[in-house]
Amino acid sequence: LWKSQITNGQDGRTQDAEGDGFTNQLEFLFGTSPVAGNGALLSHSVNGANFVLRWVQRSSGATYVVEQSPTLAAGSWLTVASPIPAADPDQAGVPVGYVRQLVALPLTGGARFYRISATEN
């Protein structure tokens, strides 16, 4: 069903059907549209002393990991063990088969970059 939305022949996992910079596989894993450039796979905000990341992920069939790096250099990414992501109380607009997750990361300990890595199981 998801892949059937792509009608321009650019339906491979590593292709980018609408040219937004995200592969079809990433858009599937993060619950975004394969035919409409959505702008981002996750959102962020600051809430008090926390940097909050939100993303939509598959309910099953995929693994998601929060990672951090002080420099963005290859090999510098480490898994964030705590805090553990949880389901966002706001699930409005989330596609069937997905859940919106959030993690609140403390704004202490110096500058860091964060990302969510996703892989299909």
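Accessible areas come from the Shrake-Rupley method with a 1.4 Å probe.

**Figure 1. Overview of the predicted model.** The structure shown is a predicted model. The accessible surface of the protein comes to about 7000 Å², and carbon and sulfur atoms account for 56% of that surface. Along the principal axes, the C-alpha trace spans about 45 × 35 × 25 Å. The protein has 121 residues, of which 30% count as buried. Where contacts link residues at least 6 apart in sequence, 54% of them join residues at least 24 apart.

**Figure 2. Order of the secondary structure elements.** The protein contains 1 helix and 7 strands. Read from the N terminus, the elements follow the order α-β-β-β-β-β-β-β.

**Figure 3. The open sheet of 3 strands.** In this sheet the strands are arranged in the order S4-S3-S7, and their pairing is antiparallel. Strand S4 (78–79) and strand S7 (113–120) are the edge strands, each pairing on one side only. Strand S3, formed by residues 62–69, pairs with S7 in the antiparallel sense over 8 bridges. Gln68 has Tyr114 in S7 as its bridge partner. Strands of a sheet pair through backbone hydrogen bonds, in either a parallel or an antiparallel manner.

**Figure 4. The open sheet of 4 strands.** Here the order is S1-S2-S6-S5, again with antiparallel pairing. The edges are formed by strand S1 (42–47) and strand S5 (86–87), each of which pairs on one side only. Strand S6 comprises residues 98–106 and is joined to S5 by 2 bridges, the two strands running antiparallel. Within S6, Gln101 is the bridge partner of Ala87.

Figure 5. Arg100 belongs to strand S6. This residue counts as buried because its relative accessible area is 18%, and buried means under 20%. The side chain of Arg100 reaches the backbone oxygen of Ala92 at 3.2 Å. Apart from neighbours within four places in sequence, the residues in contact with Arg100 include Arg54, Trp55 and Val56. Ala86, Ala87, Asp88, Asp90, Gln91, Ala92 and Val94 are also in contact with Arg100. Among these contacts, Ala87 is the residue whose bridge partner in S6 is Gln101.

Terms used. Residues are numbered from 1 along each chain as its sequence is written. This is a predicted model: local features need pLDDT of at least 70, side-chain atom pairs count only at pLDDT 80 or more; totals for chains, interfaces and linings use all residues. Side-chain values use heavy atoms; hydrogens and water are left out. Buried means under 20% relative accessible area, exposed over 50%, partly exposed in between (1.4 Å probe, protein chains only). Contact means heavy atoms within 4.5 Å. Two strands pair if DSSP finds at least two bridges between them. A polar contact is a pair of N or O atoms within 3.5 Å; within protein, one must be able to donate a hydrogen and the other to accept it, and residues adjacent in sequence count only if both atoms are side-chain atoms.
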